[in-house]
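Dear colleague,

I am handing over the structure we spoke about, and below it you will find my notes on what turned up in it. Please read them with the coordinates open beside you.

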Amino acid sequence: VGRKEVADKMIIVDAMNFAMNNPEGATLAFVTGDVDYAYMLATLQPMKQYRTIVISKGTLQSMLDVNCDIKMRWETDILQLRSSSLTGRQIS
């Protein structure tokens with residue numbers, strides 16, 4: 001098991017633990033494009049007291065897209081780069 005997979009699982013467990021211990025609700029934001037988070041997002045989605053935001057680099061995977069409340073792109077929504085400035089440019 002790689003370090004990234006372990007880190008993903010820790011984040012998922014921490015988010016679900018947070019949700020269980022905060023029944024009044026909250027907004028949870030995840031900076032990821034990894035579909036490993038889709039099931040967790042789908043589990044939180046019917047619980048209307050929680051809002052989920054997914055911020056991703058580039059195009060959001062469809063499994064994440066349908067399971068989050070708010071979708072944001074790192075380049076345009078966070079860094080506020082115009083799409084014309086992204087052409088041919090590597091963002092990291």
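In which loop is Gln-80 found? Gln-80 is found in the loop between helix 4 (74-78) and helix 5 (83-86), and I begin there, with the caution that everything in this message refers to a predicted model. The phi of Gln-80 is near 55 degrees, which is a positive value in a residue other than glycine. Most residues other than glycine have a negative phi. With a relative accessibility of 65%, Gln-80 counts as exposed, because the cut-off for that class is over 50%.

Next come the charged side chains. Asp-8 forms a salt bridge with Lys-4, in which the closest N and O atoms are 2.4 Å apart. Both residues belong to helix 1 (residues 3-21), and because they are 4 residues apart there, about one helical turn separates Asp-8 from Lys-4. Asp-34 also forms a salt bridge with Lys-4, with 2.3 Å between the closest N and O atoms. This second pair links distant parts of the chain, since Asp-34 sits in the loop between strand 1 (26-31) and helix 2 (38-44), whereas Lys-4 is in helix 1, 30 residues apart.

As for shared partners, salt bridges join Lys-4, Asp-8 and Asp-34 into one network.

Finally, the aromatic rings: the structure holds 1 aromatic pair. Phe-30 and Tyr-37 form this pair, with 6.1 Å from centre to centre and 40 degrees between the planes, and the arrangement is tilted. Phe-30 is buried, with a relative accessible area of 9%, and Tyr-37 counts as buried too, at 4% relative accessibility.

How values were computed:
Residues numbered from 1 in each chain as written. Predicted model: local features only at pLDDT ≥ 70, side-chain atom pairs only at ≥ 80, totals over all residues. Heavy atoms only, no water. Helix = DSSP H or I, 4+ residues; strand = E, 2+ residues; numbered from the N terminus. Buried < 20%, exposed > 50% of the residue type's maximum accessible area, 1.4 Å probe, protein only. Phe/Tyr/Trp six-rings, centres within 6.5 Å; stacked < 30°, edge-to-face > 60°. Salt bridge = Lys/Arg side-chain N within 4 Å of Asp/Glu carboxyl O.
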